[in-house]
Amino acid sequence: MARQVVWFLLLLSLSSVLAQVSYTIPEEMAKGSLVGNIAMDLGLDVKRLVSGRARIFTGDSVEYIELIKERGVLLIKDRIDRETLCGQTTPCALHFQIILENPIEFFRVTVEITDINDNAPVFKKDELKFEISEIAAVGSRFSLERAVDPDVGINSLQSYTLKPTEHFSLKLNSQADGSKKVEMVLQKPLDREKQEKMSLLLTALDGGEPQMSGTVQIHVTVLDANDNRPIFSQSIYKVSIPENSPVGTLLTVVTAVDSDKDANGFVSYSISSSTDGVIELVTINEENGEIRLVGQLDYEKAKHYQIDVDAKDHGGLSDSSKLVIDILDVNDNKPLINVMSTSKAVPENSAPDTVIAIMSVQDPDSERNGQVQCSIDDNIPFVIRSTSNGFYSVVTENDLDRETESSYNITVVCSDNGEPSLMNSHTLSLQVSDVNDNAPVFEKSSYEAFVMENNSPGLSVFTVKAIDADWNQNARISYMLEDSSINGVSVSSYVSVNAESGVIHAVRSFDYEQRKEFVFRIKAQDGGSPPLSSNATVKILVQDQNDNAPQVLYPVQTSASAIAEIVPRSADVGYLVTKVVAVDVDSGQNAWLSYKLLKATDRALFEVGAQNGEIRTVRQVTDKDVVKQKLTVVVEDNGQPSRSATVNVNVAVADSFPEVLSEFSDFTHDKEYNDSLTFYLVLALAVVSFLFIVSIIAILSVKCYRWRRERMFYKSNGNLPVIPYYPPLYADAGGTGTVQRVYNYELYRTTDSRKSDMKYGGQSTLDTSGSQTLPHMQRDRMSIEDLNDQVGQYGL
């Protein structure tokens, strides 16, 4: 099998069209025959054909050639008949494209089909009949039907022979279209009396190897004398007609004149031969020579037709003429759009000029009617470009953003330049695939959340939410704590965050009194590659609960002694006895304290300020009031439920200290303890009296006394009663009800002997206006035990 391969490169405006390959093969090759090694001729690797899913694109045409990707060769897929494919058109070629993807490329392939001598010349009629007058002049010509050979070139019709040649010879006249007009020429006079009927054999021969032929039988009947033949007014008639002319349109009228009279001068018209297919398109009126259109013309199928018209009289004489029909093109075909390759999806980060689709656009019309322009909507980031004659590519013009537009319907509109213009459209559906180009965004940059203290671990505190504009995995958000510490303790020991929902849980129980608030950061990270993230600040505010009872700071309550406050009997109404001082470590209304008098020896004598805890007299103190008064004060906070604390306040109503001592001497201790205490007090009094007599003994006693004080201080500091400092002149602004005398005592006690020593420092008179104070001076107050000790010392 002969095969010719032609290879050349085309420089095009778009790199997608890389090259063109041409092959030449004969028609009628067997199926599976090799056309060419396309991979080698294009310089491609077979692997590239496979990975690029190479395929053949033929548009709407029949696919005669198939591509074997694994071998990189082109094979005959279906029988190729050049005559069916191209008719008389030369050269005859198959045009198709080979498309590859990833990236998109296509190559133009032309396969020229050469003719073989597979068709013999054929006459349309099996026999021809002629009636010729016996007086026909030598040299008279009779048109014969031409044979048709679909082959072309040397394989087409080449010559005719006529046998026998006694009376007739054969004459061939070349036509403008390259065909040959066949005429039978009378070369010897006829004699009806000698031979009325004759049979001739016309043979048509082609030039192929082997040579093929076709025959038709000619029957000649010799008629009696008719000495004038018809003569056409024109040897060639020409007419031009639009292809969309309706059936019945008059093409032309042919006329022939016969000088004979009567029957011998009557002329009838007929079509003797024509271009293949024209018989179905036109008809001739035998009587008047009108030629009319009976079929539909199509410029795209045939642009010209030739018809041989005969005029014959009744005597058998005839003449012939030619009708040439030129078909005029009208714009009756819309552009044809064939998508050769298209992408269903494109990443949103695709660079400009990324090829989306390649398409072939053809218009079968001619000249302006076949000139096509294609366009797409200007409001989308795509453009269409012409890559070569009849081929267009749709490419990206600007950057894509899936979050703005996730899909496009690209409508390609193609129109021709005809009048009126015809158009066609095709819509490409394109999805924009997502890339991770958006970080998660929190609804707020900072959050505040409130949680009640004493919460249970695992409590859901708050939910943060971030939104990612991307899609699918790129928009899947995970939440996590950023590494940080709160006073050296990792934030993860305080809270945790659900990675999927963003719910923040408390890891521990919070205590408002230890930490009122803390701040940490939450990071939201998407599932893209590489992942993107953002963060937000979360501030947790711990809310207070009423979980702490008030604490009484003053008066101090101890198990060993009790505080006593002295109220002179001359105290007026509103005299400030003392003030209960309490605090609550809670906050807000949980720390708002109120004071109430729960129990009192004489409830009509004292009252407690509900807000400030001040204990004041509510009436004038009288001599009838008992010296020893005991008050129980309740301190209550404002929480829900409220918590409270109680404190006992001992008040002595007396004008002198000895009176207080006498009243409180048996306040707390049992009889055995009082006897021992009295003994030591008497002994102490005797020692003091002796000191006034003997100074040396007094000095030694003072040294011993100091030694005993230091020893007691170091060994039993914790067992001493607490006598807090209370500011002097703690009274209302008017100065009413204040104690006018201040007593100073120094008290020393041993650790285990329960022996006491008290030094009386005297008294001072204070300014009642409150403008002068003595530093570190206390109001008259002492414990019950101290009073008992002093009573024993002074023998009272």
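I began with an open sheet of three strands, in the order β46-β50-β49 and with antiparallel pairing; strands are DSSP runs of E with at least two residues, numbered from the N terminus, and two of them pair if DSSP finds at least two bridges between them. I noted that β46 (576-579) and β49 (606-608) stand at the edges with a single partner strand each, so one side of each has no neighbour in the sheet.

I recorded that the model is predicted, that local features need pLDDT of at least 70 and side-chain atom pairs pLDDT 80 or more, while totals for chains, interfaces and linings use all residues. Residues are numbered from 1 along each chain as its sequence is written, and side-chain values use heavy atoms, without hydrogens and water.

I then looked up the partners of β49: three bridges join β49 to the antiparallel strand β50 (residues 614-617). The bridge partner of F606 in β50 is T617.

Of its 28 residues, I38, I65, L74, I98 and V111 touch the most other members. I found that β7 gives the most to this core, namely five residues.

I listed the residues that I38 touches (heavy atoms within 4.5 Å); leaving aside residues up to four places away in sequence, they are V21, Y23, L67, G72, V73, L74, I98 and V109.

Finally, I noted for the protein chain that 44% of its 796 residues count as buried.

Notes:
Core = buried A, V, L, I, M, F, W, Y, C linked by side-chain atoms within 4.5 Å. Buried < 20%, exposed > 50% of the residue type's maximum accessible area, 1.4 Å probe, protein only. Helix = DSSP H or I, 4+ residues; strand = E, 2+ residues; numbered from the N terminus.
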